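Dear colleague,

I am handing over the structure below, and my notes on what was found in it follow directly after.

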Amino acid sequence: MLNLTLRQLRVFEAVAKHLSYSRAAEELHLTQPAVSMQIRQLEDVAGLPLFEQLGKKIHLTEAGKEFLHYSNSILQHLSEAETMLAEFKGMSGKLNISVASTASYFTPQLLAEFCQRHTQATVNLSVTNRETLLQRLSNNETDMAIMGRPPDALNVDATPFMENHLIIIAPVNHPLADERNIPLSRLAEETFLVREQGSGTRITMERFFAEKNIHLTTGTEMSTNEAIKQAVQAGMGLGILSLHTVSLELETVRLKVLDVQNFPIQRHWYVVHRKGKRLSNVAQAFKEFLLQEHAA
Ligand code: PGA
């Protein structure tokens, strides 16, 4: 392999362009002897002259003309590689994101929109319960998380970016389905299907009713929003879920939202990462995308 340097190629290209050592030196901000020396060294490596002097003018030799073709191509490729790397530094890479199960109802749409804008970004989405989510944040196993309630204990940076309303759902033929302004106390007569321990929805619901001094009768515990929706449709009880999870069922009138006083419970979705975490470019871009495009 030719043992030449990129600097020699750049000097060669400039001399070939101007057919003058002095003008090449000017362009490259070098002295003329420095340019001559680079060319001499290149010719040594090449093993034959690349320029010849005819009178006062210099010309490319036949070998020089052929060599220029390769030299241009090498420098061109290098410049493309530089652009490509700059683009990668800018926005490519993998985004590792973990979301609470309820957030999986809208996160894929957000990611699709983001990936359309940043075609080089790849995403690893993990849907998990709140407990695992906290563990992943604490072990630094995820870039960021989307959750409904930032953790109290962990040292995190949590920013709200979207509203999250908790509603009460009932089967369409439920006696309360068409009532208006149902008092909270009336709910004590109903049975509620609840999410598993550790679910953000469950914690919020329990705190809310404890604050209002209302004792709810809780029925079967279920670990997914889907199971609760199915069970409510089947008449097993009422459910309290995020509005995000039931848009399809409301549209097709398979479930109804009860009009209860103090409802919906107004919450937010937070984008959360460990305090001081150095976010990758793609993770930082996704965070900005959430905050700008879907500002709370
Ligand atoms: P989850 O949702 O109930 O699926 O854990 C998170 C939250 O609402 O805080």
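**The ligand and its surroundings**

Two secondary-structure elements, α7 (200–211) and β11 (265–274), each contribute at least two residues to the shell around the ligand, where helices (H or I, at least four residues) and strands (E, at least two) are DSSP runs numbered from the N terminus. Please keep in mind that this is a predicted model, in which local features need pLDDT of at least 70 and side-chain atom pairs count only at pLDDT 80 or more, while totals for chains, interfaces and linings use all residues. Residues are numbered from 1 along each chain as its sequence is written, and side-chain values use heavy atoms, with hydrogens and water left out.

The shell consists of A100, S101, T102, G148, R149, R195, S199, G200, T201, R267 and W269, a residue being counted if one of its heavy atoms lies within 4 Å of the ligand. By class, two of the shell residues are nonpolar, six are polar and three are charged; here Ala, Val, Leu, Ile, Met, Phe, Trp, Tyr, Cys and Pro count as nonpolar, Asp, Glu, Lys and Arg as charged, and the others, Gly among them, as polar.

Of the 280 Å² of accessible area that the ligand has on its own, the protein covers 99%, as computed by the Shrake-Rupley method with a 1.4 Å probe.

**Domains**

The domain assignment, which is automatic or taken from a database, gives domain 1 (6–76), domain 2 (85–162 + 269–293) and domain 3 (164–265). Domain 2 and domain 3 each provide at least three residues of the shell around the ligand. Taken over C-alpha atoms, the centres of domain 1 and domain 2 are 52 Å apart.

**Backbone details to check**

The peptide bond between F263 and P264 is cis, with omega about 0°, and P264 belongs to the loop between β10 (256–257) and β11. N140, a residue other than glycine, has a positive phi near 60°, and N140 lies in the loop that runs between α6 (130–138) and β5 (144–147).
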